[in-house]
Amino acid sequence: QVQLVESGGGLVQAGGSLRLSCVASGLTFFFSRYDMRWFRQTPGKERELVATITSTGGSTNYGDSVKGRFTIVRDNAKMTVYLQMNSLKPEDTAVYYCNAERRTLGIEYWGQGTQVTVSS
């Protein structure tokens with residue numbers, strides 16, 4: 001059974017920083033073969049792709065709204081992906097979800113999410 005568990009969310013003032021973590025587990029889960037992504041969602045809105053990192057960590061991509069402020073990194077030995085969020089804004093308030101995707105096999109997994117609230 002594969003699990004993705006997010007942590008690190010919380011309440012922070014605008015301009016502050018948070019680091020989210022997503023730890024993967026599962027005996028048959030080859031973490032290093034999955035692209036990892038962070039999404040976020042607010043009530044009444046579609047889930048938004050925030051950041052992506054390829055399986056080897058060699059390439060990253062970011063949503064326009066977070067470019068220059070957020071950084072995604074991964075540690076394959078620890079089966080963990082991180083999202084460093086700096087210069088946070090109230091509009092960054094959302095539930096943040098971790099996603100693992102192996103597109104060639106049509107497989108993906110989701111975490112349960114962690115709440116990030118940015119006060120003005």
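Mentor: Four strands form an open sheet in the order 1-3-8-7, with antiparallel pairing. Strands are DSSP runs of E, at least two residues long, numbered from the N terminus. Two strands pair if DSSP finds at least two bridges between them. The edges are strand 1 (3-7) and strand 7 (70-75), and each pairs on one side only. From one strand to the next, the twist averages 15°. That angle is taken between N-to-C directions, from 0 to 180 degrees, with axes as lines fitted to C-alpha atoms.

This is a predicted model: local features need pLDDT of at least 70, side-chain atom pairs count only at pLDDT 80 or more, and totals for chains, interfaces and linings use all residues. Residues are numbered from 1 along each chain as its sequence is written, and side-chain values use heavy atoms, leaving out hydrogens and water.

Now look at the edge formed by strand 7. Strand 7 runs antiparallel to strand 8 (residues 80-85), and six bridges join the two.

Step back to the whole chain. The chain has 11 strands and zero helices. Its radius of gyration is 14 Å, close to the 14 Å that the globule rule gives for 120 residues, so the chain is as compact as a globular protein of that length. The radius is taken over C-alpha atoms, and the rule is 2.2 Å times the number of residues to the power 0.38. The C-alpha trace spans about 45 × 25 × 25 Å along its principal axes.
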